[in-house]
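Student: I would like to learn how to read a protein structure. Can we go through one together?

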Amino acid sequence: MKLFSGNSNRMLAESIGRYLELPLGKAMVRRFADQEIFVEIQENVRGEDVFIVQSTSYPANDHLMELLIMIDAMRRASARRITAVIPYFGYARQDRKAGGRTPISAKLVANLITEAGANRVMTLDLHAGQIQGFFDIPTDNLFAVPLISRDIKEHQDLSNLMIVSPDVGGVVRARALAKRLDAPLSIVDKRRDRPGESEVMNIIGDVDGRNCILIDDIIDSGGTLCNAADALMEQGASSVTAYITHGVLSGGAVARIGASSLKELVITDSIQPTKAITAAENIRVVTTANLLGEAIQRTATEESVSSLFD
C-alpha cells in the first residue's frame with residue numbers, strides 16, 4: 001500500500017499517514033508558466049495498492065485536474081489498484097437538473113475520475129447519496145456522524161439537547177445523530193428564493209430552553225445556518241451550536257459566522273482550513289484523519305468498511 005497527496009489538503013494526508021504509520025509517497029505536482037499542471041511520481045508504484053488523497057475544494061477545477069492527472073500517472077506506472085480518496089467531493093451540489101438546459105456536473109466529474117483510471121473512490125458525507133450511483137466503480141461514502149457524536153459527548157451538555165436539521169433534506173442525517181445521542185429532533189422549514197439566500201419560515205418542534213445542535217453536510221456562505229440560528233434563538237433556544245462536515249466558507253462567511261447567534265461552529269478538516277478559519281474565535285476544526293485512515297486500512301486488507309458505522 002502507498003499513500004500519495006495532491007496539493008489540496010496535504011495536512012490531512014500527512015495526518016492519515018501518521019495514523020497508518022505510512023510516509024507519504026514522493027510525487028511532484030507543479031505548474032508550467034501558463035498554469036498547466038504537471039505530475040511526476042518519483043518512486044516505484046508497480047503492483048502497489050495506491051491511495052491518492054485529494055479534496056476537490058477551492059480552487060476546485062485546479063484540484064480536480066491534479067487528481068485526474070495523478071490517477072493517470074499512477075495507471076501508466078502500472079499501479080495494481082488506484083483509490084481516489086476525496087474527503088470533499090466538489091460539484092456534488094450539481095447532482096440533478098435544477099432547471100432547463102443545465103448540466104448534471106456531479107455525473108460528469110464521476111465519469112472523468114473513472115475514465116482517468118481510478119478503480120475505487122472513497123469520499124465523506126456526499127451532498128446527495130445517489131451520487132454513488134454516478135460511478136461505475138466501487139464507491140465508499142463515509143459518514144462523519146460517529147465523529148460528530150463523539151465530539152458532542154465530549155464538549156456538550158447532553159441533558160437538555162435538541163438535534164436540529166436546517167432543512168427538510170437533511171432530516172436523515174440529523175435523525176442518525178439524534179438516535180446515537182438519544183436526543184429529540186427538530187426541523188427548520190425554510191424557503192430559498194435564490195441560490196445562496198434563504199428565508200426561515202418555521203421551526204418544527206419545541207426548542208424552548210434547549211441547547212440546539214444544528215447538523216449539515218456543507219456550509220458555504222453561511223446564510224442558511226445563521227438564519228436558522230437566529231430563528232432558533234427567537235423560539236427560546238438556550239444556545240445554538242453547529243456541526244458541519246465540509247467547511248467551504250466562501251466569501252465573507254467566516255465574518256458572518258463570527259457575528260451570528262451561533263455559540264460555536266465545528267467543522268472537519270475535509271477541506272484544509274484557511275488562516276481566517278483557524279483565527280476565528282467561534283470556529284473549531286476536528287480531524288477526520290483517523291476515520292479516513294481506518295477506512296483506507298480496511299480497504300487495503302479487504303475488510304468491511306461499513307462496519308465502521310454500526
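Tutor: We will go through helices, aromatic pairs and backbone angles in turn. Keep in mind that this is a predicted model.

Student: How many residues does α2 have, and how far does it reach?

Tutor: Helix α2 has 17 residues, and from its first C-alpha to its last it reaches 24 Å, close to the 24 Å expected.

Student: Which residues of α2 are buried, and what do they pack against?

Tutor: Buried here means under 20% relative accessible area. In α2 the buried residues are H63, L64, E66, L67, L68, M70, I71, A73 and M74. They pack against the strands β1, β2, β3, β4 and β5, and against helix α3.

Student: At what angle do the axes of α2 and α3 cross?

Tutor: The axes of α2 (residues 60-76) and α3 (residues 105-116) cross at roughly 25° and come within 8 Å. Angles under 35 degrees count as roughly parallel, so α2 is roughly parallel to α3. On the α2 side the contact is made by L64, L67, L68, I71, D72 and R75, and on the α3 side by V109, L112, I113 and A116. Sorted by class, this contact has eight nonpolar residues, two charged ones and no polar ones.

Student: Now the rings. How is a pair of aromatic rings described?

Tutor: Such a pair is described by the distance of the centres and the angle of the planes. In this model the count comes to three aromatic pairs. One of them is formed by F32 and F38, with 5.8 Å centre to centre and 40° between the planes, and it is tilted. F32 is partly exposed at 34% relative accessibility, and F38 is partly exposed at 29%.

Student: What about F89 and F135: what is the angle between their planes, and where does each ring lie?

Tutor: The planes of F89 and F135 are 65° apart and the centres 5.9 Å apart, which makes the pair edge-to-face. F89 lies in the loop between β5 and α3, and F135 in the loop between β6 and β7, so the pair ties together parts that are 46 residues apart in sequence. F89 is buried, at 3% relative accessibility, and F135 is buried too, at 7%.

Student: Last, the backbone. Which residues other than glycine have a positive phi, for instance near 75° or near 70°?

Tutor: Q35 has phi near 75° and sits in the loop between β2 and β3. At 53% relative accessibility, Q35 counts as exposed. S78 has phi near 70° and is found in the loop between α2 and β5. S78 is partly exposed, at 31%.

Student: Which peptide bond is cis?

Tutor: The bond from Y58 to P59 is cis, with omega near -10°. P59 is in the loop between β4 and α2.

Conventions. Residues numbered from 1 in each chain as written. Predicted model: local features only at pLDDT ≥ 70, side-chain atom pairs only at ≥ 80, totals over all residues. Heavy atoms only, no water. Axes fitted to C-alpha atoms, helices over the stretch in contact; angles between N-to-C directions. Helix = DSSP H or I, 4+ residues; strand = E, 2+ residues; numbered from the N terminus. Parallel < 35°, antiparallel > 145°, perpendicular 65-115°, else oblique. Contact = heavy atoms within 4.5 Å. Nonpolar A, V, L, I, M, F, W, Y, C, P; charged D, E, K, R; others polar. Phe/Tyr/Trp six-rings, centres within 6.5 Å; stacked < 30°, edge-to-face > 60°. Buried < 20%, exposed > 50% of the residue type's maximum accessible area, 1.4 Å probe, protein only. Expected span 1.5 Å × (residues − 1).
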